[in-house]
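Hi everyone, thanks for making time. Let's have a look at this one together, starting with the place where the chains meet.

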Amino acid sequence: MLEVRQLSIVQDGQRLWDSVSFQVRPGERQGISAPSGFGKTTLGRVLAQWQSATSGSVSVGGKPLSKKGYCPVQLVPQHPEQSFNPYRTTGESLRDAWSPDATWLVRLAVNPQWLARRPDELSGGELARIALLRALDPRTRYLIADEVTAQLDPHIQAQVWQVLLEEVRRRELGLIVFSHNKALLEKVCSSIWHPGK
Amino acid sequence: MLKFDRFAIDVAHYHWLGHKTWHPLLSNISLEVRPGELVALVGSSGEGKSLLLQSTLGLLPESMRCRGDIVLDGQVLGDAAKVDQRGKALCYVPQGVSALNPLIKVGPQLMRAARLGGVQLGLEDVAEQLQRYNLQPGLVQEFPRTLSGGMAKRVLACSAALTHARYILADEITAWLDDEHACQLLTHLKGFCQQGRGILWVTHDLALAARFADRIAVLHQGELHETLSAQALRENGGSPWLRSLWAALPEQQFFARQEPEYA
């Protein structure tokens, strides 16, 4: 279980989150919907240990998350173009985490040729799919999807969510979804949290 | 009128000994954006929508070339004119928020954008403009790293609107924005259209396009598949391919093509 206790985040003098506590069980699909600029992305970064919280704790299975080794909580960032090394091919960046087989590429509609290119040679939607694939490492137990399908066309968006939901069911992946699309959250999530309301 | 006349984009494939061959990415695109019109451009990911906008301003990478004409108010734009018109007659709102310079505060950055477009503005004017996009006026003193995705998108939109550009090329302007802000931004853009500006808007959000756009142009398999009015889209018009895109929206059937078993 992913447990967040009394988490506070202060950034640039702004109190974004004030002692929030919530839990996500394996296999649960938690949607979080808040207005633009509320601090959703920052919360995602803290949960995935990309940055530290001001106070409070994040633990998985009763143990606090360590900054060393592979983090079982993975974030799929909102701007995938900023999360790839611009000097390496996307395939090299992907294989730092794990080496998915061809079936995986087909499931997420990733063309193998894209993995031989650098991030600036790919479109936003193509990079978004590779970033998602990278985060679906078998070691991942909780996945934070931060607006992952905002840059995808409706067909591929539906296909990507279908794969994610299959993974949630198959390996009891816990899913946290940040999105502005209410219809999407209602279709995908088992519960939706509206902080700030 | 901004007009693409049998416009095409080719991608270079490099071979041994410096040989290269050109492969078409987009071909035979004939599209018009009239003054006062909001035209939505939709299509699959990786179809070349962003490249179409970038080529209008001569921003294509070296491994690509374009053919055909771009006609601005009756004049064919050459390579030098494309560069010259940036920020003046044509303005581009890029898709990625990394277009903001991380080392310049938001206010001076917007003033700089306006100045390059030939408009002199003070810090107070910029702060006032930001309020129209529901952003705090204090934001002018912040660096872009403090902005969230949706806020950065609105700052980019604001920077385009500050200039007197007659045509705005907006790439995914509502991605990462919540419904309320997206509608507000589009209403604002519609206001620009009423002032006689033309907007070409790349989007994946068909529902918003059907609500706000005047016309919808659909790219499919490298060609302009069809152009239809927003009303036709709302009234279940359009080709089977467009209908299947529409049906795949979360607001519609979403998983209808293949229902997954999840509880």
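So, the contact: 34 residues of chain B and 34 residues of chain A take part, and by contact I mean C-beta atoms, placed from the backbone, within 7 Å. On the side of chain B that touches chain A, α5 (149–162) and α6 (179–194) of chain B each put in at least two residues. The biggest giver there is α5(B), with three residues. By type, that side of chain B has 14 nonpolar, 15 polar and five charged residues; nonpolar is Ala, Val, Leu, Ile, Met, Phe, Trp, Tyr, Cys and Pro, charged is Asp, Glu, Lys and Arg, and the others, Gly among them, are polar.

A quick word on what we're looking at. This is a predicted model, where local features need pLDDT of at least 70 and side-chain atom pairs 80 or more, while totals for chains, interfaces and linings use all residues. Residues are numbered from 1 along each chain as its sequence is written, with chains lettered from A and ligands numbered from 1 in written order.

Now chain B itself. Buried residues account for 44% of its 263 residues, buried meaning 20 or more other C-beta atoms within 10 Å of the residue's own, again placed from the backbone. In the largest nonpolar core, 128 residues, V39(B), L169(B) and W201(B) touch the most other members. Such a core is a set of buried Ala, Val, Leu, Ile, Met, Phe, Trp, Tyr and Cys residues joined through C-beta atoms within 7 Å.

And what does L169(B) contact, beyond neighbours within four places in sequence? Among them are L53(B), L90(B) and L200(B).

Conventions
Two residues are in contact if their C-beta atoms, placed from the backbone, lie within 7 Å. Helices (H or I, at least four residues) and strands (E, at least two) are DSSP runs, numbered from the N terminus. A residue is buried if 20 or more other C-beta atoms lie within 10 Å of its own, exposed if 12 or fewer, and partly exposed in between; C-beta atoms are placed from the backbone.
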